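Please look through the model below before reading on. The points that follow take a few elements in turn, and they are meant to be read beside the structure.

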Amino acid sequence: MNAQSTSHLAGTLDPDPQETAEWRESFAALVAADGPARARQMLDELARLAREQRIGWSPELCTPYVNTIAVDAQPVFPGDLAIEERLASLMRWNALAMVVRANHTYGELGGHIASYASAADLFETGFNHFFHAKDAGHGGDLVFFQPHSAPGVYARAFLEGRLSEEDLSHYRQELTAPASRNGEGARGLSSYPHPYLMPDFWQFPTGSMGIGPISSIYHARFMRYLTHRGLLDCGARKVWGVFGDGEMDEPESMSALTLAARERLDNLVWVVNCNLQRLDGPVRGNGRIIDELEKLFAGAGWNVIKLVWGSDWDGLFARDTTGALARAFANTVDGQMQTFAAKDGRFNRDTFFGQNEELAKLAQGMTDEQIDRLKRGGHDLVKIHAAYAAAAAHRDQPTVILAHTKKGYGMGAGQGKMTTHSHKKFESADLIGFRNRFNLPLSDEQATSLAFYKPADDSVEMQYLKQHRQALGGSMPRRETACDGVAKPDLPAYAKFAVEADGKDMSTTMAFVRILGNLLKDKALGPRVVPIVADEARTFGMANLFKQVGIYSSVGQRYAPEDIDTILSYREATDGQILEEGISEAGAIASWTAAATSYSVHGLAMLPFYIYYSMFGFQRVGDQIWAAADQRARGFLLGATSGRTTLGGEGLQHQDGTSHLVAATIPNCKAYDPAFAGEMAVIVNAGIREMMVEQKDVFYYVTLMNENYAQPSLPSEVHGDVLRGCYRFGRFPADATKAQVTLMGSGAILTEVIKAAQQLAHEGIAAEVISITSWSELARDGAACEAAALRGEPAPTPFIAQQLADGAGPIIAATDYVRSVPESVRAYVARGRRYVTLGTDGFGRSDTRAALRNFFGVDAASIARAARHALG
């Protein structure tokens, strides 16, 4: 390349091309003589000098649109390329056949082919050479699979003998599959990775875009946490994530990139499948998503590997002495790249290579078919292996591989089209074309009938597949739940002060923090407890835990904190136990999920307690909580400062009136709204038993209040009722033989209910008070009783009806949440009794608790007034 042709600097003409050429030659000589390391050192020094001189320059974060790993830096491919290509072709076919067959039979089932067609080689290289399953010598890698590519993972499991042909025939037919109907035979295959539905297969739910990426980061960090705390050595294990380029638009995908770099998570590798298309069209039609992502990841501190062009391009680059290819790529946006993918070799010859004489010369001697077969990097097993090997060997940074692929690769008329994401049906000619494209050993009849294909067990392909997976620990994905239980302390050992409160003033938040501190001291359970906060530990009175167990930091504490001389000073430590996640509820819930699923991911049961402002829980990160439920998480979510009137002065966006409504929709979440410390202690004790001793796949959501009031002792005989959802608190006056009205309440409003009962008693109206600890558990019990009756089975009386059986007159139900919460049990209360619900519907306000409760009509006066009205 001559000096004059590159003499434009910063958009202006180079005033001294000769001097520029001398600088270039000098730098090239340095690289040749002393190598890349010395060259990098000099560049760093020049950049430092530029900053000192304040000349306003910094290096570009974007490199040319070529492969990061040069041809001469590629390692020797360790496998049999021909066999691996045949295996990848078989995976593609069986995945396609699975989806198309389902949609020929039931047009409404949906499914995706094009995503896996683009990612098949990315998956197969990992399966054959990198993804290590758990075995005696290795704890197992964690792999997050691109959700739309699930059919390809099923196709591999079919060849491995883990799934049958009948299983594949019931893709997205989970209810009609024989295993669902009679407990044996073919199983239905879930649409995306769902551990809840396939608990022995999928490890991680990734179906909701963006949740897989952030979860993978926090799982990688949690593995470091386990290692640093001496609980489990995770040093040899990797976290791999295969994600889509369109998925990178989700805020969760990007929100923790700097954390991964800051923590130097070199156990984390992302492979972003850059097929340049979302569901409707190009990801960045007028730009280049790979360049954009390179800047983003490099700026965040990640090691970036561009995997853009396949081996077929190496010869073209070698012959290109003028840089014509690099310049052409620099001026080609993704929308045009998609068009090149959708068109044939003749179009690409005319449109791309026909741009100028230099490019046209490069294409001389190539047939149209050869041009059409030029591979992008994400479809070249040799290039993919080189990128993966470099990523696995890299130290002190997480790595992202930006792999350029074609959406719908090899799908003939479907490749690169705007409609390719929804391409689910093929004509006979298309199927035969697909067979021919990948040289599949299928007859015309087998191809057009969508026959699944599996080579003989003694075939070269099957032997190769099995040997490589055996060398990597066996088949995966594979979810395991073998885990030792953990003994729990007896309730009085850590919560006697709460169940025997004897009228002491405290808030349930303070009671919880004291319980947590006591649990951390238990020799068996204490080390497994993972306290998690999102920058609110002092708000919740948890500062005393800083000294007790420390805040986890991968580098310890490199500073003397401002408050070092105080008893509650901030303390970070490499073996710290608290995960303090900063102002990131998304990050904190991702950490909670990592700890809550440790029993299955690592075979080590951990017990996370994530405490947060309740309004910033289900409302803000509800999708992540739903994904955790799919993953069968076990742990506690503590919604502190809960309710719409408890957090008085904070106003509309801080006051929670709906979290219990959302929590009730998650089947394996047990949601409780205890009013008293004793109730809360009994609930926490039951949760520890269920999750750590009995190892049940449930998690608990418990709301806590910051309001101090007298805490009564809790009689042991009502502990069971507390867990079922309610218990009889008392009658007012105490000597009343029959109540005229029943008042029910939960959480902070129970104290108002009690005051209302006392007020009514003073007026001569006998009132019974029932403490509701869980509206949702009562509703579920009632629904279960009703379902049994509808099936014609002997049906028990709903528990709420049993508790109301001795009462009479109207029932007033009050809560600090929207009325839909107490309305959820209306169908199961005693028949013939009027049921009135009071709640906090609408937007919150900033004011005193008394003013807010009066405004929403849930204070004692309003409850008493509702009772009088109901009595007529």
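Predicted model: local features only at pLDDT ≥ 70, side-chain atom pairs only at ≥ 80, totals over all residues.

1. Which residues of β9 are buried on one side, and which on the other? V529, P531 and V533 lie on one side and V530 and I532 on the other, and all are buried, so that both faces of β9 are covered (buried means under 20% relative accessible area, exposed over 50%, partly exposed in between, with a 1.4 Å probe and protein chains only).

2. Residues are numbered from 1 along each chain as its sequence is written, and side-chain values use heavy atoms, with hydrogens and water left out. Helices (H or I, at least four residues) and strands (E, at least two) are DSSP runs, numbered from the N terminus.

3. Strand β9 pairs in the parallel sense with β13 (residues 607–613) over 5 bridges, where two strands count as paired if DSSP finds at least two bridges between them. Within that pairing, L607 of β13 is the bridge partner of V529. Strand β12 (residues 579–580) is also parallel to β9 and is joined to it by 2 bridges, with L579 as the partner of I532.

4. Elsewhere, an open sheet of 5 strands with parallel pairing has the order β3-β4-β5-β7-β6. Its edge strands, each pairing on one side only, are β3 (142–144) and β6 (303–307). Neighbouring strands of this sheet are turned by 15° against each other on average, direction ignored; axes here are lines fitted to C-alpha atoms, for helices over the stretch in contact, and angles run from 0 to 180 degrees between N-to-C directions.

5. Inside this sheet, β5 (residues 268–274) and β7 (residues 399–404) run parallel and are joined by 6 bridges, with C274 opposite H404 of β7. Helix α3 (residues 114–129) lies across β4 (239–244), β5 and β7, and runs at about 145° to β5.

6. In helix α18 (residues 428–437), the residues L431, F434 and R435 are buried. They are on the same side of α18 because they cover an arc of only 100° around the axis, the arc being that of the directions from the helix axis to the C-beta atoms. The buried residues of α18 pack against α2 (81–105) and α19 (444–448), contact meaning heavy atoms within 4.5 Å. Just after α18, N439 takes a positive phi of about 50°.
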